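I opened my notebook to look up charged side-chain pairs. Here is the model I worked from.

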Amino acid sequence: MSYGYPAVFILSFLSDIIDQPIGPEVVAGFGYVLGLNLLIVFILSVLGSWTISIINFYIGKYFLTHKIRASCSFDQHNNYCRLYQKYGRVELMIAALTPVPYVFSIWLAGAFGMKLRDFFLAGLLARMFRIGFVLWVLAILF
């Protein structure tokens, strides 16, 4: 509580660095329950999550693409790319809204060449909705 709003941003950022069960919505929820302003907590939590998500997207794009290509044949890689182009947005949205590993999905989105616009619409907006929904439920309960 003594660290306030900067802690909400930093912990939201850190919660999406690696796949683990505590997401930025938990951090935002604690911030709100401990008496911080709902709107500011929402904005800082979303910004922290979005910042690291974009970094993870580019990690996938620039570092994992080559590793995926090296681990399978050319035909397999093309099949994976086609599958991800067809279903990747849905997979990313499901990962952003549910406890499915979200960071791994971001890495795959970058590695398989998802457009940044599609990543924003499918992943980042869905993650913002998840954080907002949790805070909305907490606002009703508390």
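Which side chain meets that of Arg117 in a salt bridge? I found Asp118 there, at 3.5 Å from N to O. My rule for a salt bridge is a side-chain nitrogen of Lys or Arg within 4 Å of a carboxyl oxygen of Asp or Glu.

A note on the source: this is a predicted model, in which local features need pLDDT of at least 70 and side-chain atom pairs count only at pLDDT 80 or more, while totals for chains, interfaces and linings use all residues. Residues are numbered from 1 along each chain as its sequence is written, and side-chain values use heavy atoms, with hydrogens and water left out.

Next I looked at Arg89, which also forms a salt bridge with Asp118 (3.6 Å, N to O). Arg89 sits in helix H4 (residues 74-97) and Asp118 in helix H6, so this pair links distant parts of the chain, 29 residues apart; helices here are DSSP runs (H or I, at least four residues), numbered from the N terminus. Shared partners join Arg89, Arg117 and Asp118 into one network.

I then checked accessibility, where buried means under 20% relative accessible area, exposed over 50%, and partly exposed in between (1.4 Å probe, protein chains only). Asp118 is buried at 13%, Arg89 is partly exposed at 40%, and Arg117 is exposed at 54%.

My last entry is Arg127 with Asp16, whose closest N and O atoms are 2.8 Å apart. My count of salt bridges comes to 4.

Terms used:
Helices (H or I, at least four residues) and strands (E, at least two) are DSSP runs, numbered from the N terminus.
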